[in-house]
Structures are given as C-alpha cells and as structure tokens.
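Hi everyone, thanks for having me. Have a look at the picture while I talk.

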Amino acid sequence: MNLFFGLVSAMLVGATPILLAAIGGTFTYYAGIFNIAMEGMMLVGAFCGVLGSFFLHSWLLGICCAIAGALVMAGIFVLFAVRLHTDEFLTGIALNLFAVGLTTFLLRDIFHVKGAFTDAGIRAIPALRLPLIDSIPILGKLLSGYNLIVYVAILGTGLAAFVIFRTRFGLRLRSAGYNAACLNSSGVPASTIRICSLIICGVYCGLAGAYLSLGSVRLFAENMSAGRGWISLAAVILVSGNPWGIAIISLLFGFFDGLTVFLQGSQIPTQFTAMIPYIATLVSLYFYSIRKVRRS
Amino acid sequence: MRKQALSGILGVLAALLIGALVLLLQGFNPVVTYAALLQYSLFSTSGFAATLTRSVPLVLTGLSASIAFASGPANLGQPGQLIMGALGATLVGLFVRLPTGLLVPLCILASLAGGALWSGFAALLKRVFAMDEFIVTLMLNFVADYFALWVITYPLFDTSASSPMTRPISMAAWLPDVGGVNASVLVMVLATFICWLLMSWGRSGYEWRMTGQNALFARIGGCKVDANYVRVMLITGALAGLAGGLMIMGGPHRFVKGLGANYAWDGIMIAVVANNGILATFLYGLLFSMLQQGAIGMELVTAVPSEFIDVLQAIIVLVVVAGRVSLNMVFDKLATRRKLREESKE
Amino acid sequence: MSDVLIDLQHISKVFPPDTVALADVSVSFKAGEIHALVGENGAGKSTLMNVLYGLEHRDAGDIVFKGAKVDFRTPREAIAAGIGMVHQEMLLIPEYTVWQNVVLGTEPVGMFGTVDVHRAREGVRRKIEEFQFNLEADALVGDISVAARQKVEILKLLYRNVSVLVLDEPTSVLTPQEIPQLFGELQRLRDKGHTIIFISHRLDEVLSLSDRVTVMRRGKVVSTSASSSLTKQDLARQMVGREVLFTSRRSPQEPGDVVLSAHGLSSSTVEHHSALHDVTVEVHSGEIIGVAGVEGNGQFELVNAIIGLIPLTSGRLTVGGRDITHADILARRSLIAFVPQDRGKMGASGAASILENAIMTHHILDPSFSIAGGLGLSHRRATAFTEQVRKQFAVSMGRVGDSFHSLSGGNQQKVILGRELLLETPFVLMDQPTRGLDVGSIEYVHELLLDLRRRRRAVLLISADLDELFMVADRIMVMWQGRVAADLATDATSREEVGYYMLGGRETAHAETSS
C-alpha cells in the first residue's frame, strides 16, 4: 500500500512540470506557432524562481519571479518570431541556447558557483493539505498533501480546456492556427492572438520552472530542465493539443519518471533507468505514428 | 551571397555591441574583456592552435546540421551521434592492435560508422513507422548520453580513475600535432572540402537541396526522395560521429565523462546562423571556436565568467538570424521608394 | 444613384523589389450600385481592393469614404465603417460550423468570456432568413458545397451590417448553373440598398450584372463607364489593349495512334484525396483531351494517379504502348511531360535559382548533364540548357542564377513549360496551365498547346476554365465524384451541357448545404 502511494506521489512529481509546460505549449500549438522554446522558458523560470525565493525570502515571490523570467523569454520570442518574422524554429533553438547560456552565466555571476546552487535560504513551495478531504483515511492520503503547484497544474489544465473550447478567446485562438488569414479578415489580428498565446505559455512554463527548482527540490542546477520541454512538446504533438490528452500523457511520463526513482535501488544500472522517459516518448511516438499511417 | 555576408558581419558586430552593453551593466570593461578574448584565441601561438583544434567538433557538427537542414531532414541528433562516433573510435582504439597507418583510418571509419548507426536508426524509424526524426533524434541524444555513461562506468571503466572514463586508446591511434596544430584539423578541413564539393557540384547535392526546399517538386522531377532521405541522415550522422572520433583521437585519447556535452547544441546553432551554407558554417565554426577558446583567457584576465560567451553566442544567433530578415525588409523598402520616384517621373 | 460613396484618389502601390501593382489609380463608387472592376490577372484589381480594405498598405494616394478621408489600417476598421470583402481564396475555417465562422471576430459574449452559443446561433439564423440564404447554421463548413461556402462569406459580412460588399472573382469557383443564383442574390442586396463592388475578368457576367464598369490594365485605370453603353468587344479591347478573338483556333486534324491509355483507374481515399472510380481515358497523338469538372471531383487525383503520386487499386496505365501501371515516377517521367496546377507546390522551388528549376528531371534523364560518371553535374551544360529555355520560350529574365520567385508568374510558367516540353515526351499532361496568368501569357500557352497538337503529341488538359477547353480541346471529358460523367466532342456540345454534367447531371443547381 505504501509502495502504491509512493508511486502515485512520484508519478505526480514527474508529471507536473511536463504537464504545465505542455499546457502552455498547447496554447501556442492552437495558435499555429511552432514553439519549441518551452525548454528554455522552463529553465529560465527555474532559475528566476530560486533567485526570487532566495533574495526575497518568499516562495510566493519566487513563483512570481519564475513567471516573470519565463515571460521575458516569451517576450523575446514575440519580438523575433512575431514582430521581426524570424523563423519560429530558429528563434526557438536560439532561445533555448540563450536560456542555457544565461542561466549558467548568472549562476556564476550572482551565486558564484558552478554546476548547482543550493542554500537553506531558498524557500520551497509548501505542500497543501486539502481541508476536509485530508482527514478521510485512504482518499485523504491519495488526494491531499502534494505540493501546491501540483494542484495549480490540475486546475490549470481544466482552465486551459475551458478557455480553448468554450470562450471567445479560444474560438479566436484556434482560428489563428486553422487559418490566420481568415481571422485577420474577420477583424482580429492573428498576431495579437499569437502574442497572447505566447504570454500564456510563458506563465505556464514559469510555473513549471518554479516547480522544478522550488517544488520537488530546493536548488538550481545547470540545464536542470533536462529535456522536459522537448518531452512536453512531444506530448502536445501526440495528442494534437487536447489538454486532457496532455494530462494523460504527462501522467504516463510521470509514472515512468517515478519508476526511475523506484528502480534506483535495484540491480538495473541507473543509466538505463534514466533513459526510461525518453524511450517512453519514442514508444508513444511509435503508437501515434502507426495510428496515423493506418488512418490514412 | 554578398547580402548574406553583409548581414552576417553586421549581425556579429551588433551582437558584440549588445554583449559589451551587458558587460558594462555588470561593471566590467568591455574593451579589456574583448582584448583578452582575442589575445587568448588568435594572437598567441598556443591560443591560435587551440582555437583551431577546438573548431574541429564545432565545424563538423555544424556541417552535419547544415547539410541535414538544407536537404530536409530535421536531424537534431548531432549530440547523440557525436557520442556514438566517439564510442566507435574508442572501441577500435582500445581493442584493435595495428600500426598507426592502419589504425588511424580504422578509428575514423569506426567513428563515421558510430554516428551513422545512430542517425540511421532514426532514419529507419522514419521510413518504416513514419516516426518524425525531429523528436526521435532529440530523444536518442539522451539515450546515447546515458548509454555512453553506462559504458564508461561499467564495462570499459578504467579502474585506476576516480570518475567514469575509459583507459587511454592505443598510442597508434593518436593523431599527432603537425606544427603545433593537431592533425584532426586537417581531417576537418578535408571533410569541409568534400562537403562543399558534394553540395555545390555534386548531383546528389543538387537533388538534396531541391528536396529540402520543396520535396514534392523534387519527387515529381524524378528524384528518389526516400533514398536521398536515408543517405542524408547517414552522411550527417557520420559527420557528427567523425567529430566525436576526432575529439578522442586528437584530444584526451580516452572517453571521459561529459565528453561532447559542451558541444551539444553548438552544431545546430552554427548551422542556423550560417543559413545552412557550407562555407559559412566553416567560418562561423571558427568564430565560435575563437569565442569559446578566448573565454578561458577572458576569465583569467578580467574575472568575467567564461559562461558569458554562452550568452554572447546565443545573442549572435538571434541577432544574425533576425537581421537577415529585417535587412531584406529594409532593402524592400528602399526598392519601393526608388520605384515610386521612377513612376512619378514618367 | 448619383452620390459618390467611396472615392479612391491617386492610389499607388509597389511590391518590392520592382513590381508596380497600382500606378496613380483613381476610381469612385456610387451608393447603391453594382460596380464591376475588370481587367486581366495582374491588372491590380485585387490589390486596389485590398488597399481599400486595409489588407495592403498603399504607398501613395487618398481614400475618401462618405465625404471624409479615411485610412483603414486593418480589415476590422474597414468592417466597422461598413465595408466588407469576400476574397478569391475563401477565408473560412472548415473545422468550424457555419455560425462559428459567421460570428468569428464579433462573437456575442456570455459569462466568463464564453461565447454565447444560443445568441450567436439565433443571430445567424435570423440573418439567413432575412436574406433568404439557403444555409444550415449548424453545418460544418468543411462539409458544405463551394457555392454554399461563398454564401457563408457574404453572410459573415452582412452579419456585421456592412453596406458595401467587395467580391473578388466570386464566380471563378462556381458552375455555370450556380452563377445566376448568386447574381439574383447580389441584385436583391443592391435593391435593399447595398453597394456591391464586383471583381471579375469574365466579360459576359460583368455586362449582365453590373451597373457600371471600371476597366484596369497593368495597374492603371483605362476607363469607367455605364455597362449599358458597352459591348463585350469594347471591354476586351480595353482590358488587353488590342483586339481579342473569341473563337476556337483548332484546325481540323485526324488523331493518330493511342498514346495514353488509362483503363479502369480506381484509387481509394488517401490523405485529402478523394477516390477515383473506374476512370477510362484515351488520348491519341495529335489530340487534346480536356478534362472539366467542379474542383474536387477527381481531376487532381487523376493527374496524381497518372504521374504516380497516388497508388491505384485497380486499372491499367500505358503510355506509347509501355505499361507504367507499377512504374516509379522517374520511369514515367521519360514518357510524360507534366505541368502541375500549383507552380509553387509542385512545379518549382521558389527559393532555388532559375537554372536549378530549369534542369530538374533533365539532370537525370539527359546524360550530357553528368560529369565524373554521374557524380557531378555539369554547370556549363546546365547554363546552356537554361539559355535554351530562355530563348525558345521567350522567358524574360535576368541571370540564370537569379532566384525563381523573382520572375513574374507568366515567366515562371514559361520556364516550367520549357523544362517539360524539352523532355520531348510523347505524352503531355497539363493541369490548369493558365491558372493565375495574365492574358498575354494565357494566349501564349494556348498557342503552345495547339502547336503541340500540330506536332502530333498527345495532350491531356485539365482546366477549370470552360472557355479554354472549348478553345483548344478536341473532346471534353467531365468528371463528377471521381467518375467520368460524360465524354463529349467539343464541336457537338455546349457550355450548358458541360455544366449540366459538372453537377452530376442534376436538373438544377443546388447551392444549399449538403448536410
């Protein structure tokens, strides 16, 4: 039973950052932007989270800084890809490189360390005990007591589904992806919608970053996003952007990620268990591609 | 061509200016910093030789990405292919006993094969299961990274070492220094020349370029698009593999933990700024190598963290790429104004 | 009728690097009229309207609307002022329903920023009733006919209460039977007080529908006059700048042996392609067979099947006696010259040089292009060949190394035609070779087609332009839902009969939704 709870918890820890980044990515996906900058936004978010939490002595301000940092990245994306019409793919690649360079540079410059920074002064984001539910025996243990951001991610998924499929903004957002010229001629500039989608993506990626550095652990390490942005991009593509589909895929990855932790003590070398999330991505891409080929 | 050279030079200068601004904001002297950078990368014999040696993996992975992007396949797997190539060269260098004249070529072949194996696997998944190479090559990077780590931690671990690494490869496979410059530079220049020949003079290069620009057009024109896809993947994988092999043979002579990590995205970055041109890739490869080599001196002299160069490189990429587009817009505006004036004269 | 509603004064527009799309254009439109804007492709009609609508930004000139100077920077501002435009390429979202498409941009909002579905749907329904449009508000736009989609576009503007409607080539996508219905609707709108600006290059419909006509040529206005005072010949002369003949120029000629024989071709539905059902075509040497049909009835699939882009489920295909049913594309290309309908997508690479576009296919089939045993490509031979194309097909271009998209549409098409016809194949497959070209280039292509016929090649010509088919084709094959609906001798049929089969042989045109 404890193993089960442990696995569920590990699964949520692994799933949360991917889910958040992917939900952010799904907004840009629907807006018709080939956005591969989630990795960079998340990384900058993670760094700024630590920065804010350490210097302002507050995890909440840490989250705010994380979001602000990711938003700056989104702003650069807007400037280059939307305003200056630079290729989206190239902008994304450059931004990801920029993020790695900037965070390692600032890590050196501000904290005077190489590799990773951890300090007791970094305030972590607390876990949340849900009132009422917490006291129910098994259900309470299953549903309550996770990190605040985990609940934010779940709410954020529902919110995304609502915004994309029910609201006026959602209708326009999807039009921007389906046929931007149509949206333009309808009197709504597609570029405005795209800018909004990038801003939203920045907020989600900032939260994902904050969770990485202030949620599951309390440190910033060079390149700590470790390809999660890419995996979340794969998740978005695999389910064609559907938020609930993304949630399921993210949980799946979280499960494998959690498995990695559980298998650490076993006979299998850690190098192989560490491969699991990436191989899982390949396997799900395999099923996606096979299904797509069969359908046509 | 001239337009591209102009936008490149302007872009790099603008990026250096932005970099200088960043330095000023941090309280450093940009002139001293840049001078130190140049001093340690170009204007000292050992620095210049080191810059050239460092450029080997940069140019080769850059060529790999350039040829791939120009021909269509989104091969983002240079980091993984580099590792597999390095592993191939290491294996041969550790276990094959041959004289230098044979072992060096064999090691090079093994590195080519290692890289091609890894990209070929991605090509296979694409051809058989229609799996997008964009995601596949990315994920295989991580797999290759962990796989190599396992290899040097367990089966090939040098028991006398404190951190994961292999024993040194056979001396016969070491690439010598020729006049202070490592022989791997010669191999790199030769590879660049072959790539240039292939892309601008070869029939395959023509077909690949046409396929990259418009695959349907090339297919209707009778080009074997699918076979070309596999060839491009294999060749670009081999190029990245060669980069890894030469790093082993010319550098530490053994597979050390973290090998290639610093070059992870550099090849793609160089291809992006070079707009997939072979000659431009070569030149930007040298430039980035100069920056990275100079960074060490810069840190020694001015206490600016060497990581500043990572930021500077990303700024160069963004500014050059955006500048290319904006410069075209400026040219268009000028042409419009000229035309209107002509019209009003009529 | 006399008061001027929109006055365009001295408008100029340049597309970089050196295309002058509009040169000092002045036109005025009166309230409550149907005003036709005619001219060849590339005369600047659409550009002028895009400038008015805020889609393109003018480089000089003024726009006066209702007596005041205006400057619409976006379509939104134009629509808010009461001017709406229906584009040539339909700007609708197939994944959305009719009502979603109509309200997009002016959605009624409910709680928490949601779209008020009930109010939106009812509003659209009311408009449909008011203007007697035969549409279903809940149908998916992807499922309805082309004529119905056009109505959705018009409805979308009426929903925004525009008083001026600009329609860019609205009839180009309709069958002959569907056109009168549209005209009826437009006249009804005018009678309700709307002003309609109607862009077209089809002279008959311009004269039958409009009150006044403005003719444009090469970015300039030639004349504006009441259509009652004009004849078709006048219009054509003004449009082209010289006399134009409207007669068939085919000389009588006996067809020779069968060159293309397609027997019982069938294919299944794959990726955006509809199916072919038992299509049989024979093309003899010295013969042009035309293929007509409403877009999306299997013509494109037939072309793709012949060239080898989609697999056949059954049937046999031979060219010049050689069975190519299972041959690869390269093997087919030694027998088939192919001019595709979409230059940018299938016929060329815009980013590549003229030379690189000109030598495609030749670089494999012609051994004189290869050096070093096929490893290298002879640049000297390639240059000489491109010069040959330039000379023989009168391409006006700069250097062979210039980029392909620096050429005008007509010259791009000439390079493609030159490349394909110099393959000297027995069979020529042309898919809409005149689409998007100016009248001069169209005439050139028609001459080329008739010349091929004289030189006893076999030509299969797919065209959406019935005039073109009647002018050059010996027989007209009509396709409907992936089948051959009729095979008619050109001299023994009429546009009406062809139109009848284009709609599947139904008695009257149905423009309503198919849901």
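I'll start with chain A, then go to one helix in chain B.

Quick housekeeping: this is a predicted model, where local features need pLDDT of at least 70, side-chain atom pairs count only at pLDDT 80 or more, and totals for chains, interfaces and linings use all residues. Residues are numbered from 1 along each chain as its sequence is written, while chains are lettered from A and ligands numbered from 1 in the order in which they are written.

So, chain A: it has twelve helices and two strands, where helices are DSSP runs of H or I with at least four residues and strands are runs of E with at least two, numbered from the N terminus. In sequence order, that reads α-α-α-α-β-α-α-α-α-α-β-α-α-α. Its radius of gyration, taken over C-alpha atoms, is 19 Å, close to the 19 Å from the globule rule (2.2 Å times the number of residues to the power 0.38) for 296 residues, so chain A is as compact as a globular protein of that length. The C-alpha trace spans about 55 × 50 × 40 Å along its principal axes.

Now helix α3 of chain B, residues 45-71. Is α3(B) buried or exposed? Well, 22 of its 27 residues are buried, so the rest of the structure largely encloses it. Buried means 20 or more other C-beta atoms, placed from the backbone, within 10 Å of the residue's own. There's also a kink of about 35° at B:Ser55, shortly before the proline B:Pro57; that bend is the angle between axes fitted to the seven residues ending there and the seven starting there. Just after α3(B), B:Gly72 has a positive phi of about 120°.

Terms used. Buried ≥ 20, exposed ≤ 12 C-beta atoms within 10 Å, placed from the backbone.
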